[in-house]
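Biologist: I am new to this structure and would like to learn how to read its features one by one. Could we go through them slowly, with the general idea before each case?

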Amino acid sequence: MLGVLGDEWTLLIAQQALLGATRYGDFTTRLPISHAVLTRRLSAMTDDGLLARLAYQDKPTRYAYQTTSRGRSLWPVLTSIWEWERRWVPEQAHRLPTMHHVACDADFAPLITCRECAEPVTEKDLTVRWGPSGSWPRSMPVESTRRRSPSAKPSGQPGLFPETMSILGNRWSFAVLVTAFVGTTRFNDFADQLGAPPGSLADRLQILTASGVLSSVGGRYVLTEKGRAVFPVLITALQWAQRWFTAPDGAAVLLRHTLCGHAFDAVLTCDQCAGPLRGAEVQSIPQPTLEDTASAVPQ
Ligand SMILES: [Zn+2]
Ligand SMILES: [Zn+2]
């Protein structure tokens, strides 16, 4: 899942595809992306089943890329990233337009609710345990991640959502955050649970603290308000992964809603009309302002 969602270009291409881009030229017009990078991502996203490639012209053959149901079902993740960046990353607040719900004609914020009982849900209302196919060794990075300063943008990435990418783009960061959500606070407990090399772990804790997602208090690392607000991104990403990449022996993570006692299935609703959101009714799903970055890319 992180292999797909941890790549910012993949998220931006998926977003533009959801907003109606299908042809190669649509993507190059909308994104400050080089031909080599776009060609590689379109091919990887087709292999991953996010896009379907259809020939629309012969001699020369030209292809259109349409979102599959797997690709379309990424919209709750994109909407959650959008909301978090807008609310918690100061320089994004004025840059990202508000999201508009077509059904009620209001600007809205998405809320995570329980499909079973329809109540709004936070991380405090869930119990989490490993399912049949779940364990850190199976979920953890196989390759190590190079040290990186919190502000450095990974080479070749657009850097439009740097804070989200510092979480999703690094497997240790994601794992540390999930572990923090289930209540881990001490360095040694993170190390024991994750089996992380101390250097990598110290590095990720420092980066997450510097970006205000964790705060370090008396030897403990605790989620800040900004950190707890990442919950919708984690939950929608997890549900997307479990829906589309289920292991033969079952789910990796089992969630239960303590209020109603049912297995938890997240539904995004509109905070204005309380109706369930549908991808097609959300306008301005992540649409970066590209003027400032487009000019920097050779045509
Ligand atoms: Zn419930
Ligand atoms: Zn609404």
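Biologist: Which residues coordinate the zinc ion (ligand 2)?

Modeller: Please keep in mind that this is a predicted model. To read a metal site, one lists the donor atoms around the metal; here the zinc ion (ligand 2) is coordinated by ND1 of His101 and by the SG atoms of Cys104, Cys270 and Cys273, at 2.1 to 2.4 Å. Along the chain these donors follow the spacing H-x2-C-x165-C-x2-C. One pair of them links distant parts of the chain, since cysteine 104 sits in the loop between strand E3 (99-101) and strand E4 (106-108), whereas cysteine 270 belongs to strand E10 (residues 266-270), 166 residues apart.

Biologist: What is the geometry of the site of the zinc ion (ligand 2)?

Modeller: The ideal angle for four tetrahedral donors is 109.5 degrees. The four donor atoms of the zinc ion (ligand 2) make angles of 106 to 120 degrees, and the site is tetrahedral.

Biologist: Are cysteine 104 and cysteine 270 buried or exposed?

Modeller: A residue counts as buried under 20% relative accessible area. Cysteine 270 has 1% relative accessibility, so it counts as buried, while cysteine 104, with a relative accessible area of 27%, is partly exposed.

Biologist: What are the protein donors of the zinc ion (ligand 1)?

Modeller: The protein donors are the SG atoms of Cys114, Cys117 and Cys260 together with ND1 of His257, lying 2.0 to 2.3 Å from the zinc ion (ligand 1). Their spacing along the chain is C-x2-C-x139-H-x2-C. Here too a pair links distant parts of the chain: cysteine 117 lies in the loop between strand E5 (110-114) and strand E6 (126-130), and cysteine 260 in the loop between strand E9 (253-257) and E10, 143 residues apart. Cysteine 117 counts as partly exposed at 24% relative accessibility, and cysteine 260 counts as partly exposed at 26%. The angles among the four donor atoms of the zinc ion (ligand 1) run from 104 to 117 degrees, and this site is tetrahedral.

Biologist: Turning to helices, which residues of helix H11 (residues 187-194) are buried?

Modeller: In H11 the buried residues are Phe190, Ala191 and Leu194. They cover an arc of only 95 degrees around the axis, and therefore lie on the same side of H11. Asn188 and Asp192, on the other side of H11, are exposed. After H11 comes glycine 195, with a positive phi near 65 degrees.

Biologist: How far apart are the end C-alpha atoms of helix H12 (residues 198-210)?

Modeller: The 13 residues of H12, at 1.5 Å a residue, should span 18 Å, and the end C-alpha atoms are 18 Å apart, which agrees. Its buried residues are Leu201, Asp203, Arg204, Leu205, Ile207 and Leu208; they pack against helix H9 (162-168), helix H10 (171-181), H11, strand E7 (214-217) and strand E8 (220-223). Glycine 212, whose phi is positive, near 80 degrees, follows H12.

Biologist: How many helices and strands does the protein have?

Modeller: There are 15 helices and eleven strands, and 45% of the 299 residues count as buried. Among contacts between residues at least 6 apart in sequence, 68% join residues at least 24 apart.

Note on methods. Residues are numbered from 1 along each chain as its sequence is written. Chains are lettered from A and ligands numbered from 1 in the order in which they are written. This is a predicted model: local features need pLDDT of at least 70, side-chain atom pairs count only at pLDDT 80 or more; totals for chains, interfaces and linings use all residues. Side-chain values use heavy atoms; hydrogens and water are left out. Donors are N, O and S atoms within 2.8 Å of the metal (3.2 Å for Na, K and Ca); water is not among the atoms, so sites may look incomplete. Four donors count as tetrahedral if all angles lie between 85 and 135 degrees; four count as square planar and six as octahedral if opposite donors are over 155 degrees apart and all others between 65 and 115; anything else is irregular. Helices (H or I, at least four residues) and strands (E, at least two) are DSSP runs, numbered from the N terminus. Buried means under 20% relative accessible area, exposed over 50%, partly exposed in between (1.4 Å probe, protein chains only). The arc is that of the directions from the helix axis to the C-beta atoms. The expected span of a helix is 1.5 Å times one less than its number of residues. Contact means heavy atoms within 4.5 Å.
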